[in-house]
Amino acid sequence: MSQLAALAPTTLWQLFEQLCRIPRPSKHEQKVSQWIQQWALSKQLTVSEDEVGNLLISKPATLGMENKKGVILQAHMDMVPQKNNDKEHDFLNDPIEAYVDGDWVTANGTTLGADNGIGLVSALAVLASDDLAHGPLEVLITIDEEAGMTGAFGLKANWLQGDILINTDSEQEGEVYMGCAGGIDGTAKFSLDFEPVKNNTTAFNLSISGLKGGHSGVDIHTGRANACKLLVRFLLIAAERYNIQLTELNGGSLRNAIPREAEASFVIENQYIEALKQGLADYLSAIRFNLKAIETDIDMLLISPEEFDQCWTKQCQSQILNAINGCPNGVIRMSDDIEGIVESSLNFGVMRTKGQRFECMTLIRSLHDDGRADVESMVRSVFQLAGATISFDGAYPGWKPNTESPIMATVRDTYLELFGALPEVMVIHAGLECGLFKSAYPDWDMVSIGPTIKFPHSPDEKVHIASVEKYWQLLVEVLKKIPEKKAV
């Protein structure tokens, strides 16, 4: 028996082990969708697919539960594909190498996909059971949650029949979520200007790595460093003191992941090389000291690659570096209404050299539209002043808390009965799909629960084994306590 299959609840972990074998990065969910559909048909369950690729699996109520309100268990099928720089892994073909590490399940050098894989297999485990009591049950599995919420945006009215939606995408056992932040993507584009490389220069590549990274929503308040921002800060120093000129600049991989790695290529006059090396050593020592409580493995590597024929002009370089350095990043404002909750934030997620063009990608999150607009205006101003074009798209609404939610009260009271303590009722600074569902299904009563998942969207991702069992117990018991429909 494998490590995962030996864990409890058995069916859930067996399904998660199977899920880990199936590639499912965002935008590439075909294989996992096919697996889910084949699995559902093997269980004699009704399964259908909508125009965008969302899946709906239905199961009749158990005996005596036919008059209960219909429940929708909801998860997304995609995962964030992140790996350590030294890890060989093809997310389109290779399985996730999940293993037990003490009290946790984690993966070998890549994201685990517990976000939202555990929620997904918990819904399947409910469907697979012959002895769990529940009313009319639907399982909604959406696509592309991590990279655009395409599935939630495309959900059509009248496809589902249930009254209550339980989202399984929360990441802290003992917390019940009744609201979430909305967000918007920003993309800034610069036209690059080049000039010939001067004589008596040497080309170098400078990289920064070893940062923890993480989820740009739930980890944004932790003080984790941004590799792009750290590298650009040094490049500004190097441009002023050592007269470097860039040839390429790249960092980060996803808007919704805090960048862990970044790199730049540049040329430098030979007379400044030794001073550059000493300046880099001093800078690395300083950031290691200043960030030692959070970032324990920062490294910067300077190597000499192939020669370059052309480099960025100094004006072009100055505009780009100053814009990135000046762009807000991290927590912008804490909530005045909910203690300890981030209201608005910005993640500077990606910077890319693309031929004659340079792009920066950001993700703004806020609990309300005005907060989002405020941060959007800051980003727009910074990049427009630097001569870039800036656009914003993919806006999605937050999920406004409903303190009178019946399903929230049911989950809260059931948790107290099971575990002898009240859960915290929270609003999460991340983009759950619930806000988007309200446009097609405005009357749904919604709540979000899940096990404890640490460091999602990074190769440090791990899920706490004991919390999965508690989450499962809560889910099963809540399904028993769903009230009956009121007679019309």
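This is a dialogue on how to read several features of a predicted model.

Me: Which residues of helix H6 are buried, and how long is the helix from end to end?

Reply: Helix H6 runs over residues 273-290, and the distance from its first C-alpha to its last is 26 Å, close to the 26 Å expected for its 18 residues at 1.5 Å a residue. Its buried residues are Ile273, Leu276, Gly279, Leu280, Tyr283, Leu284 and Ile287. Because they cover an arc of only 135 degrees around the axis, these residues sit on the same side of H6.

Me: What covers that buried side, and what does the face turned away from it carry?

Reply: The cover over the buried residues of H6 includes strand E11 (201-209), helix H5 (227-242), strand E15 (262-269) and strand E16 (299-303). On the face turned away from the buried side one finds the exposed residues Glu274 and Phe289.

Me: How are two packed helices described, and what are the values for H1 and H2?

Reply: Two packed helices are described by the angle between their axes and the distance between the axes. For helix H1 (residues 10-20) and helix H2 (residues 30-42), the axes come within 11 Å and cross at roughly 145 degrees. Leu15, Gln18 and Leu19 of H1 make the contact with Val32, Trp35 and Trp39 of H2. Sorted by class, this contact has five nonpolar residues, one polar residue and no charged residues.

Me: How many salt bridges does the structure hold, and which parts does the one between Asp144 and Lys27 tie together?

Reply: The structure holds 19 salt bridges. In the one between Asp144 and Lys27, the closest N and O atoms are 2.8 Å apart. Asp144 lies in the loop between strand E6 (137-142) and helix H4 (150-153), while Lys27 lies in the loop between H1 and H2, so the pair ties together parts that are 117 residues apart in sequence. Asp144 is buried, with a relative accessible area of 2%, whereas Lys27 counts as partly exposed at 48% relative accessibility.

Me: Which residues form salt bridges with Glu359, and which network do they belong to?

Reply: Lys354 forms a salt bridge with Glu359, the closest N and O atoms being 3.3 Å apart, and Arg357 forms one with Glu359, where the corresponding distance is 2.9 Å. Glu359 is buried, with a relative accessible area of 5%, whereas Lys354 counts as partly exposed at 37%, as does Arg357 at 33%. Through salt bridges that share partners, Lys189, Lys354, Arg357 and Glu359 are joined into one network.

Conventions. Residues numbered from 1 in each chain as written. Predicted model: local features only at pLDDT ≥ 70, side-chain atom pairs only at ≥ 80, totals over all residues. Heavy atoms only, no water. Helix = DSSP H or I, 4+ residues; strand = E, 2+ residues; numbered from the N terminus. Expected span 1.5 Å × (residues − 1). Buried < 20%, exposed > 50% of the residue type's maximum accessible area, 1.4 Å probe, protein only. Arc of directions from axis to C-beta. Contact = heavy atoms within 4.5 Å. Axes fitted to C-alpha atoms, helices over the stretch in contact; angles between N-to-C directions. Nonpolar A, V, L, I, M, F, W, Y, C, P; charged D, E, K, R; others polar. Salt bridge = Lys/Arg side-chain N within 4 Å of Asp/Glu carboxyl O.
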